[in-house]
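Subject: Handing over the structure

Dear colleague,

Please look through it once on your own, and then read the notes below.

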Amino acid sequence: MAASMLQRCVLFGRASAKCKTLAFTVRRCLLSASYLDAKIWEQRKEDPHNLAQLASLMDRTYERKLPVSSLTVSRFIDNVSSKEEVGQAEYYLYKFRHSPNCWYLRDWTVHSWFRKCLKHGTRDRALHTLKNKVQYGVFPDDLTFNLLIDSFVKDEDYKGACAVVEEVMLQEAFDLPSTQIVSLYALAKYLATKPELSWQEERSVGAALLIAGLKQENSAGRSAQLLGCALLGKVEMSRGIHAVYHQMPLIWTPGYLRRALDVMESVCSGPEGVQLSKEALDCLEGVLRDPGPVSEVDAAKGDEDAQGAQGTATDEEDQLEREKLPEYATRFQDLSSKLQSLGRVDPGGLQALVSALAQAELAAAEAADGELYARKVEEWEQERQSLIQRERELRERAQQEYQARQAAKASA
């Protein structure tokens, strides 16, 4: 069972994690108040409109099978002022996504949508549109992801936070150090609750840990890589490599347990000061000892296309990888002993390492994000004002043409 596996992995580190993170959580709750302050966003030039009139305009436009402008959708979302209006905005986001102008949804509109959801207590709608991003056309940037993750973490909804991190992973949006840190923090907090994970959840959590961990060359990053490879290796052993990479941004070459051992070896030969969490090592040892039964159910679970994609060659590769388990177990014991002798095993858990990383580096990452956000909002505002000006000119031109036609009719 996934629950028993993770329970063995996290029990040891929980006590030390609580001690090490207490000072951190007292001083700050992940992102600071200044980072979450909407002052820069709210300094934009206001463009007030009546929502009923905008809704009527869009409805009439759609009925006539004409395209609604991205500026109209942006105005509607910017003028939302209640929980009920958030629901209306969600409807028009969906309508716009399925219209001829769907490619022109603006980045600032996506950012505004998620800010409105958080402001009016409709985080469930934010998560719904994010999970169904293709249907709504909402693909947030790193800074927006940070706001969403922090919102869930502060309410101790770590499962919701991990659902957002999964979307970050699927979009491969771990570009900013702040996003890497808050994502690892959410994942570590979620795993500390000893959740009972399905194999799909093990794959998603493992992939997020691995990809985010690859961005960090420190103890937290290396431990996340190790734990991520262990979880992915467990899925690979029980369901095959196709189950691992199907619809995931992961390499399709077999050998995730071997990659976990490679992480151990790199720490052994790497610079001093980088350690691996005992929690992650225990998890890998548990997978090597008991990877679970081989499932006969295909990774896609009913998806006929995915079932057809697994050929004989893939089955043979999966079997060869399972036959390497004794070799991997022996190598693990050797590397584990070497890590112990070098003093490169941290007795705590991933949560303690990530909390220490956040305490040391998150403030600097926030400062860099603040400058980036100010520039981005300025660029968005320039683009928005340019669209407003273009709309005004087009209306004036249409009015002039109409008046000219009326004058021509009158003279005739």
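A residue is called buried when its relative accessible area is under 20%, exposed when that area is over 50%, and partly exposed in between. Please keep in mind that this is a predicted model. By that rule, 54% of the 412 residues of the chain count as buried. The chain exposes about 19,800 Å², and carbon and sulfur atoms supply 50% of that area. Its secondary structure comes to 21 helices and two strands. Among the contacts between residues at least 6 apart in sequence, 78% join residues that are at least 24 apart.

The largest nonpolar core has 115 residues, and the members that touch the most others are Leu 209, Met 264 and Leu 284. Helix α21, which covers residues 350–411, gives the most to this core, with eleven residues. If neighbours within four places in sequence are left aside, Leu 284 is in contact with Leu 226, Ala 230, Leu 257, Ala 260, Leu 261, Met 264 and Phe 332.

Leu 284 is also one of the buried residues of helix α17, where Glu 279, Ala 280, Leu 281, Cys 283, Gly 286, Val 287 and Leu 288 are buried as well. Helix α17 (residues 278–289) has twelve residues, which at 1.5 Å a residue should span 16 Å, and this agrees with the 16 Å between its end C-alpha atoms. Helix α13 (residues 199–213) reaches 20 Å from its first C-alpha to its last, close to the 21 Å expected, and 13 of its 15 residues are buried.

What caps the N-terminal end of α17? The cap is Ser 277, which has a side-chain oxygen 3.1 Å from the backbone nitrogen of Glu 279. Ser 277 belongs to strand β1 (residues 276–277), and it counts as buried because its relative accessibility is 0%. A polar atom of the Ser 277 side chain also lies 3.1 Å from the backbone oxygen of Gly 348. Apart from neighbours within four places in sequence, the contacts of Ser 277 include Ser 223, Asp 346, Gly 349 and Leu 353. The C-alpha atoms of Ser 277 and Arg 344 are separated by 8.8 Å, although these residues stand 67 residues apart along the chain.

Thr 129, in helix α8 (residues 123–131), is likewise buried, with a relative accessible area of 0%. Its side chain is joined to that of Trp 113 by a polar contact of 3.1 Å. Beyond its neighbours within four places in sequence, Thr 129 is in contact with Glu 90, Trp 113, Phe 114, Tyr 136 and Val 138.

Finally, there are the aromatic rings, for which the count comes to four pairs. The rings of Tyr 91 and Tyr 92 have their centres 4.9 Å apart and their planes at 75°, so this pair is edge-to-face. Tyr 91 is partly exposed at 43%, whereas Tyr 92 is buried at 6%. The pair of Tyr 94 and Tyr 136 is edge-to-face because the planes meet at 65°, with ring centres 5.6 Å apart. Since Tyr 94 lies in helix α6 (residues 83–97) and Tyr 136 in helix α9 (residues 133–136), the pair ties together parts that are 42 residues apart in sequence. Phe 76, Tyr 91 and Tyr 92 form one aromatic cluster.

With best wishes

How values were computed
Residues are numbered from 1 along each chain as its sequence is written. This is a predicted model: local features need pLDDT of at least 70, side-chain atom pairs count only at pLDDT 80 or more; totals for chains, interfaces and linings use all residues. Side-chain values use heavy atoms; hydrogens and water are left out. A nonpolar core is a set of buried Ala, Val, Leu, Ile, Met, Phe, Trp, Tyr and Cys residues joined through side-chain atoms within 4.5 Å. Buried means under 20% relative accessible area, exposed over 50%, partly exposed in between (1.4 Å probe, protein chains only). Helices (H or I, at least four residues) and strands (E, at least two) are DSSP runs, numbered from the N terminus. Contact means heavy atoms within 4.5 Å. A polar contact is a pair of N or O atoms within 3.5 Å; within protein, one must be able to donate a hydrogen and the other to accept it, and residues adjacent in sequence count only if both atoms are side-chain atoms. Accessible areas come from the Shrake-Rupley method with a 1.4 Å probe; for residues, only the protein chains shown count as cover. The expected span of a helix is 1.5 Å times one less than its number of residues. Rings of Phe, Tyr and Trp (its six-membered ring) pair if their centres lie within 6.5 Å; planes under 30 degrees apart count as stacked, over 60 as edge-to-face and the rest as tilted.
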